[in-house]
Structure formats: structure tokens, C-alpha cells
Amino acid sequence: MTATAVEKQSAAEGQGYLMQAINATIQFGGLRAVDSVNMNIKAGSIVALIGPNGAGKTTFFNLLTGIYTPTEGEILFEGRSVSGRKTHIIADWGISRTFQNIRLFKEMTALENVMVGRHVRTKSGPFAATFRTASFKREEKQIQEDSERWLEFVGLLDHANDLASSLPYGAQRRLEIARALATDPKLICLDEPAAGMNESESAALDRLILRIRDELGITVFLIEHDMKVVMSLAEYIYVLDFGKLIAEGVAAEIQAHPAVIAAYLGEGGAEALIEKRRKKKAAQRGEIDASDAAAEEVVVEELVMDSDGLVMVAAEETLSEAADADEKTSENNEEKNDVA
Ligand SMILES: Nc1ncnc2c1ncn2[C@@H]1O[C@H](COP(=O)(O)OP(=O)(O)OP(=O)(O)O)[C@@H](O)[C@H]1O
Ligand SMILES: [Mg+2]
């Protein structure tokens, strides 16, 4: 079938979907970073895209937002193909995004960063801007007021005049969201918004994402490694591994999905996690070399974090094991202290 035929057929089938990927593929040399992906996003939903590092999640966002063009297949937004469209056209259609590595104008204030986003929706051309016509000034004032409202929405109005670079990390992530919202999107794509956040920041982010959907009616498409965020927010979850979709479904289905557990934990899945945790504890007790333990610790903490929710049983078992071990250690210490 030709691309146009695919597009027509899918537009007909895809009514009711805000975004639809049909066999979306991009090949870099020998690597199919996104490989024959089919996906549907309903307007008004919160959908997550998860998967291990290098799975192709960000690349999928890059296809959706026009940074790359699919080498095969299509991505439709409201029935129109985004393939080959410039990023600003796609933004104009109503897709906005944040980036995995924060991309703010660091030497501009928080307010100015949001105003940049808002300018996507302005009418004044270069003539009006150069000669600062009355209509241009009116529009600038409107942009500033709108941008202040977006700062207020994400809880940063008090920081309007602070340099973006001076804001704490979690606040910079929220500022990026404000800038994305300022383009009046129908679909907002968030690439790991909770990355680097502590627990209370990420809980606040949860609430913010819900408000984006519930109060603003904007559809949310979320890439996230923090499984607590994913499992509590996403109504539907797609899982990528090596470019391919390996699972899709609601949270309960994804948590129990063997292919997902295997993708996150590798061969041996949950058992491997328990074994690693055991090793770490053994190292803490001095039964194995501590230099191995340092490396081991990183792996274990990563796995527990990635899989929190996904392998809840395994994690609980391991953590209670760890708690037992900790208890024994502290008992031993108390005994020692008593003796002393
Ligand atoms: N422009 C490019 N040229 C070549 N390879 C690329 C390009 N962009 C991405 N890739 C490769 O595509 C694969 C998927 O990368 P991508 O960044 O999409 O992964 P990801 O799922 O977002 O991972 P992470 O969770 O680490 O952010 C990786 O192997 C990456 O090296
Ligand atoms: Mg990524």
C-alpha cells in the first residue's frame, strides 16, 4: 500500500483518536530505533510510553514532533500525517513537548522563557516588532499576562523574574512544562518529567499532570522511568524494547506482563533482582569484596527504582529480606554495645 493509501485508510479508521501511529519506523543505518510501532491515543487520556534505556522512547517523540521523519509508516495527528512537516507546523497543529535534557534559555528569566513559548501563537510580523506599533505593544502585554498565568499554573509565579538557570532542578522541569503549555497544545508530550526529582517534587508533578488533563483538557503523553508516577497516572501504557512494542495495556496488565518484567530485569527477571540484593547485603556484612559491592549497589538500586511497581513482589521480598538483615545487624550492634 502506498503512503497516501495508508494515510487515507488510517484516517478513516482512526476517527476519535488524537494521535495514531501506524507501523511507525525509523532506521539509523542498521538500527531500527523505532520499529513498526502501532499506537493510538484518545483525546483526553493520559498515556505512558515506558521501556528500558535505549528502547526508542525519545526517538518516538522525535518522530511525533517532526524532528525526524519516519522511514516507514505514518504518524497521524487528528488524521493528518506529521511526516515531513516542520516542527513549528506540528507545534501549530497542537503538539508540544518537553525534553529529557532540560532545554531552557538559561540566561533568560522564567517569565521570558514562557513568553518564548507563547510567541508561537502571536500574529505580529517583523514590521510591527521593529516599529513597535500599538498593536504590537498590545500583543506583547497580552503575551506577558498569559505567560504569568502559565507560571502561576505550575506554581512558579513567585520566580517570574528569576533566571532560569538559578531555579532548582524540579522547578526548571516545571518551567519547561509551562513553556510547553503556553503554545496552547492539544497534546503535550513529556519526556521523563520526574527525572532527578525527589519524592515530594514527583508527587507534586503527579498532581500537576492530572490538572493539565482535568482542568485544561489537554491530552498527556508521558515517557517516564519512575514507575510510581506511571502506574498512578497512566490510563494506558505502551512498552517499547529495542524499538518494538512488547506490551500494551492498563497498569495491572503491564505490571504482570512477563515480557515487560524480562525487558526491565534481563534474563532471570525477578530472581536475578533478589540474587543481586542478596549479594549487596553479603558485601555489607563483609562476606564478599566491598569493591564489588559498590558496583553491585548501583545496579541493584537502579533495578529497584526502575521496577518499582513492575516487580512489586520481587522488590517487596527483597526489601523485607534486607530489613531482616538490617534488623539482625542492629541487634548485633546493640549486643556489642551492651557488652562494651
Ligand atoms: N540520530 C540518531 N542516529 C543514530 N542512532 C540514534 C539516533 N537517535 C537515537 N538513536 C539510537 O536509537 C536508540 C533509541 O534511543 P532513544 O534515545 O530513543 O532511547 P530511549 O528509549 O529514549 O532511552 P532513554 O531511556 O535512555 O532515554 C538508541 O540506540 C540510540 O542510540
Ligand atoms: Mg529517552
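In what order do the 4 strands of the open sheet stand, and is the pairing parallel or antiparallel? The order is β2-β1-β4-β5, and the pairing is antiparallel. Two strands count as paired if DSSP finds at least two bridges between them; helices (H or I, at least four residues) and strands (E, at least two) are DSSP runs numbered from the N terminus. β2 and β5 (80–81) are at the edges with a single partner strand each, so one side of each has no neighbour in the sheet.

This is a predicted model, in which local features need pLDDT of at least 70 and side-chain atom pairs count only at pLDDT 80 or more, while totals for chains, interfaces and linings use all residues. Residues are numbered from 1 along each chain as its sequence is written, and chains are lettered from A and ligands numbered from 1 in the order in which they are written.

Inside the sheet, β1 (residues 17–28) pairs with β4 (residues 72–77) over 5 bridges in the antiparallel sense. One residue to look up is T25, whose bridge partner in β4 is E72. Helix α2 lies across β1, β2 and β4 and runs at about 65 degrees to β2; axes are lines fitted to C-alpha atoms, for helices over the stretch in contact, and angles run from 0 to 180 degrees between N-to-C directions.

Elsewhere in the chain is helix α7 (residues 169–181). Its 13 residues reach 19 Å from the first C-alpha to the last, close to the 18 Å expected at 1.5 Å a residue, the expected span being 1.5 Å times one less than the number of residues. Because 10 of the 13 residues of α7 are buried, the helix is largely enclosed by the rest of the structure. Buried means that 20 or more other C-beta atoms, placed from the backbone, lie within 10 Å of the residue's own. The buried residues of α7 pack against β6 (95–97), α4 (110–118), α6 (134–153), β7 (187–191) and α8 (199–214), with contact set at C-beta atoms, placed from the backbone, within 7 Å.

How values were computed:
Contact = placed C-beta atoms within 7 Å. Buried ≥ 20, exposed ≤ 12 C-beta atoms within 10 Å, placed from the backbone.
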